[in-house]
Structures are given as structure tokens and as C-alpha cells.
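This briefing goes through a protein structure by topic. Please have the sequence and the coordinates open while reading.

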Amino acid sequence: MAAPLRPILLVEDDPNDLEMTLEAFADAHVANEVVTVRDGEAALDYLHARGPYADRPPRRPAVVLLDLKLPKVDGIEVLRDIKGDARLRTLPVVVLTSSREERDLVLSYQLGVNAFVVKPVGFDEFTEAVRQTGLFWAVINELSPDERPAPATPP
Amino acid sequence: MSEPATPLRSFRRAQATAVLLPIGLLSLLALTLGWEIRMLLNASADATRSARVVALAEKARELLVDQETGLRGYLLTGDRIFLEPLEKARRDLRPLGDQLATILRSDPEQTARLREAIRHVGDWEAFADTQLDQAHRGVRGKPSEILHDQRFGKQIMDAVRAAADRLIQAEADRATARDVSARTLGRRVLFGSTVWALAVGVVLAAFSRMHFKSLAGQYEAALAEATRQAEAAHEAARQTQALNVTLEQRVAERTAALEATNVELEAFSYSVSHDLRAPVRHVAGFVQMLTRSALPKMNEKERHYIETIRSSAEEAGRLIDDLLSFARMTRLELQWHPVDMGALARDARELVSREARGREVRWNIAPLPTVRGDREMLRLVFDNLFSNALKYTRGRSPATIDVGSERRDDGSVVFFVRDNGVGFDMRYASKLFGVFQRLHRSDEFEGTGIGLANVRRIVLRHGGRVWAEAALGRGATFYFTLPPQHGPAHPGPQGELGGPHPWRAGEARP
């Protein structure tokens, strides 16, 4: 493993969901660092490396797990910003939401979301969903060329 | 005339009277005038006759004077020169008498007078012949005799003159009388005609006035009727318009209210979806985490508590999901298309058959018609009914599920799904299609009780009806109808959501 694993950005305002998601990642042995932010504004600050995150390490996340119902700037707005930004557009975004609302699903896909996961009620199913999501997007998924690490560290 | 019902006929009658009456009255006047003119012409002819008679009589008197003068001259002088006028007068006198006789032959009195005159003339001529004869023969009477004779002759001549005078006088009288009567008659006829013409004029004027009034009355009545009808039509149109305005207003109000309700419903279900579902998930999740870390240390009772919390939380989650799907069923716009119900039933059978692996199930799906409706929703109807049928035939081997349809006289189609399962008590049939209503214990047959509620909602939204027949232990038959010529003439706006339908067969099952 030449390059260090890129972090997973988890955007979640609900502490219970946050705890459960982190538990699920731990359960699934997902090794990536999980960066958590609690609202949409913080998510955008992190992604654009500005404000409180101006000095963060320059690594881009492997995937953004995005809740939709967020304080300040909601998940749909965050998604719109990411997919409307030339530098961020290729960043994989997975909506991970409590909502079964169809309009959220449709709007998310219209905005270019990469996956849409409804959090299952059962914990086992939830763990499984989070595990698979993390595995797929953080580990398996082939990154687009500009997502790849700089060739300074050849394999 | 006063019947407004037949104004045309009465108008024609009035028209005929107005033409025929004056023609009749004026013809009568013309006949009267014609008769009068004839009378005047007759009077004129009479006057001419009288004038001629008088003229001829005067001429005759002159001729007689000539004769008398001639005779006297000859007798006194013996000169024959006097004989010539005598002879001539005598010759001329005869045709005069004939002419008079011809003219007066229709008048007995005058004829009698003429004859008397002629008789006297005859006497005088006989006397004159005797005198002449004596003179010719040279017989000369004594002067006394001559005188006597002359006096005799004068007497005869006087009689002739008297007769002629009477004749003339009578003729003159007669002419005068005729003239007077003709004038009187003329005046009377003229007066009468004037009066007649005036009367006719007055009658016609009165008649015309009556007709005019009648026609004017009819015209006014017709006008009033037309006005009344026009006003009635106008009023009706106004009322209809007012009604339309009211209806449109009401529709707009209702639509606004419904839209507001719909918006509220959406907000509600969105809130339920996010806010109610999350804590339920958390309960389930944290119980699970607790289970993992603490299970080995728990006793049997504690494990049971934990398990109950877990299953209850999951059940609550399912109920919420079912409720949301039911709400969605109510809200989503129907997408009207022709739907092959046979193909739909076969697809649904494929899907639900996975639940019945290892069981012997005999499906009998008869040919089904194509209807108009929302494919995904109708699919859900079959999914739920088939899933139910499979579930409640669990103890049967083989389970039989019959699917069929029948077209009714009114064009609607009745579909049925019949199974040989446990059935149910018809006393509770009314509860069958209620939300979360169940006729079996959940530990007998799983499910939340939303499936048939969804079926009912979908069929109702298609304008159909749903019901069931069953007996305990002898299976159940579920029926639903779809009305003829399904779907609105102008399908409403398509659902704003173009994505895949959110229902899956397992999602809304009792």
C-alpha cells in the first residue's frame, strides 16, 4: 500500500447517526480516516479548504457521504455546489439519508449524485449498507484521472 | 282576431276583409250610379222627343195657316196663284202627321190628341175641297153664304188649332215633368252616392282602425312575448354565467384548498420520513450495538427484553415505511396508459412466486383484457392480492390461485383473484381494506395490514370498486372493477417525478 488511504468525508448532523455510521465503518474494518462535519457550510468549507479548514492537508476525500437534512446549508445545496464546481465535480458523492422521499432521490440524481442510499431501519442492514458503500467508493472504485494521487509516489 | 296564437291567419283574414269589403261597397255604388246615368239618358231622350213633337206640331200649324190663307185668297180673288201654296201645304202636311204618329205611338193620350187633330184636319180639307170644287165650277154663292161658309171653315180650323195646341201643351208639360223628375232623381242619387261614399269611407276607416288596432295589439303581444322570451333567455344565460362563475370560483377555491392540503401532506410525510424514522432507526441501531457488546453477559430475560425492543423498533420502522407508501399512493398523479392486465398478472406472479419457493402452487390465470390505467399502480394491486393469496394458502398443498375477469354490460371489467386459503369471516369483511386492519394475528400471518388498503386506494383512484367474498377455511375471492373508457379525456399533468416508481412488491404487503 504505497499511498496513504484518502479520507472519507462524512456530513452528518445527527449525533446518533454519526455514532452508528462510525460504528458501522469500524465494524466493517474500513481503514480510511473518516472526517466528520456537522453541517453543509462546514462541508463546503472543508471541500474548498477555506475558513476553519484553510490549513487542512491537501488530500481530497475518496468519497463524500452526505446527509440531506442539514443545518445552515442543506445536503441538496452541498451536492449542487460540488457538481457545479469544475474542480470538485469528479468527487464521488453518496447521499446517505433517512428520507424515503422520492423527490429527494430524483433531485439528487438530476444534480449528478453517484449513489443514493436510504438508511435502513434495521441495524444489521444499516451496517451492511454503510460497509458496502465505504468499500465500494473508498476502496474499490477506480478514481478518475484527476482524482488519482500525484505521480510523485509511484507504486 | 284576439288569438295571439295564430297571428298570421288572423292577419290574412283582416287583409281579405280590407280588400273585399271596399270592393263590394264601391261596386254597389257604381251600379247605383250606372242606373242613375241610364235614367238621365232616358230623360234626355224624352226631352228630345218632346222637342221634336213640338217642332213638328208647330210646322203642321204653319202648313194649316198656309192652306187656310191659300183657300181664302183663291175664293176671294179666284186667282189660281193662291192654289199652289195650298196644294203644297196639303202635300207636306201628310208626312208630318205620319211622323208624329210614329213618335207618339207609345203614348196613347197624345196619340188620341193627334188623331183628333188629324180628324179635324180631314174635316177642314173636306170643307176646303167642297169650296174649291164650287169655285171651279163657277158656282158663286151669295155673300151671306160665303160668309157663312167661311165662318164654318174657321170653326173647323179653330178646332184643328185647339187640338194641335193641346198636343203641344201636353208634350211640353210632359217634358217639363220628366225633366223635373230626372233632376230630382239625379240630385237624390248624387246625394245618396255622396252619403254612400262617405259611409263606405267611414266604415272602411272604422274597419281599418279595428284591424290596425287588432294587428297592433297582436304585434305588441308578439313583441312583448319575444321580449319576454329574450329576457328569460338572457336571464337564464346570466344565471348560468353566474353559476359558472360561482362554480369556477368554488373549483378554484377547492383546488387551492386541495393544493394547500397536498402541500401540507407532503410536508407532513417528509417530516415523518426524516424525523420519525430517524429515532426509530436509532433505537434499533443502538439496541443492536448493545446486544453485541453486552449479550454474553445477559441472562435469558434480559435478552428477551432486548430482542423485544429490537423487533418493536423494526416493526415501527416498517409501519412508518408502509404509511409513507400509502400516503404516496394517495398523492402521486396517475399516469394513464393502456395496460395489458394479463402481462401485468404474469409479471406479478413471477415476482411473488419467489416468496413461495418449495411450495406447490397451481396458478390459473385466464386471458385478461387491456384497460387504461396507471401500470405501476395496477401492478401493485396484483402484487398485493397475489402476495396475500400465497400467504393465506400457506398451509394448503397444492395451493390454487385463480385469476380471471368478466366484462359487464356497462363496459366495466370485474377482475377476481381466488384462493383456497384460510379465508376469513365475512362479518369482518368491512374491516378488510382499512389501513393497518388485520383479520389474523400477526404471529399467524406476518404483515402490517397496509396491502389491501393500498389496493383499495389504487382501485378507487381508477374509479373502480373493490370487495371480497370468503368463508372461514374455504378460501377467499377478491374482486375489483375498472370502469369503462378509463382515464380522463385530457390526462392531467404528468407526475412531476420522472424517476423509477418507488414501490417494490415486498414493500406494501399485509
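The points below cover the interface, the make-up of chain B, and aromatic rings.

The model is predicted. Chain A and chain B bury about 2600 Å² between them, and ten aromatic pairs are found over all chains.

**Interface of chain A and chain B**

- The contact involves 26 residues of chain A and 31 residues of chain B.
- Of the roughly 2600 Å² buried between the two chains, 52% is on carbon and sulfur atoms.
- On the side of chain A, the residues that lose the most area to chain B are A:Arg100, A:Glu102 and A:Val121, which together make up 31% of what that side buries.
- Two salt bridges are found across the interface.
- A salt bridge joins B:Arg292 to A:Asp27, with 2.7 Å between the closest N and O atoms.
- Five residue pairs, with both residues at pLDDT 80 or more, are in polar contact between chain A and chain B.
- Helices α1 (15-27), α4 (102-111) and α5 (123-140) of chain A each supply at least two residues of the side that touches chain B.
- The largest share of that side, six residues, comes from α1(A).

**Make-up of chain B**

- Chain B contains eight helices and seven strands.
- Chain B has 510 residues, and 36% of them count as buried.
- Taking contacts in chain B between residues at least 6 apart in sequence, 77% join residues at least 24 apart.

**Aromatic pairs and cluster**

- The search of the whole structure gives ten aromatic pairs over all chains.
- B:Phe433 and B:Phe478 form an edge-to-face pair, with 6.2 Å centre to centre and 85 degrees between the planes.
- B:Phe433 lies in the loop between β5 (413-419) and α8 (451-461) of chain B, while B:Phe478 lies in strand β7 (residues 476-482) of chain B, so this pair ties together parts that are 45 residues apart in sequence.
- B:Phe433 is buried, and B:Phe478 is buried as well.
- One aromatic cluster is formed by B:Trp363, B:Phe382, B:Phe386, B:Phe415 and B:Phe480.

**Charges over rings**

- In chain A, A:Arg56 lies over the face of A:Tyr46, 4.4 Å from the ring centre.
- In chain B, the charged end of B:Arg465 sits over the ring of B:Trp467, at 4.3 Å from its centre.

Notes
Residues are numbered from 1 along each chain as its sequence is written. Chains are lettered from A and ligands numbered from 1 in the order in which they are written. This is a predicted model: local features need pLDDT of at least 70, side-chain atom pairs count only at pLDDT 80 or more; totals for chains, interfaces and linings use all residues. Side-chain values use heavy atoms; hydrogens and water are left out. Rings of Phe, Tyr and Trp (its six-membered ring) pair if their centres lie within 6.5 Å; planes under 30 degrees apart count as stacked, over 60 as edge-to-face and the rest as tilted. Helices (H or I, at least four residues) and strands (E, at least two) are DSSP runs, numbered from the N terminus. Buried means under 20% relative accessible area, exposed over 50%, partly exposed in between (1.4 Å probe, protein chains only). A charge sits over a ring if NZ of Lys or CZ of Arg is within 6 Å of the ring centre and within 35 degrees of the ring normal. Contact means heavy atoms within 4.5 Å. Buried area is the accessible area (1.4 Å probe) that two parts lose on being put together, summed over both. A salt bridge is a side-chain nitrogen of Lys or Arg within 4 Å of a carboxyl oxygen of Asp or Glu. A polar contact is a pair of N or O atoms within 3.5 Å; within protein, one must be able to donate a hydrogen and the other to accept it, and residues adjacent in sequence count only if both atoms are side-chain atoms.
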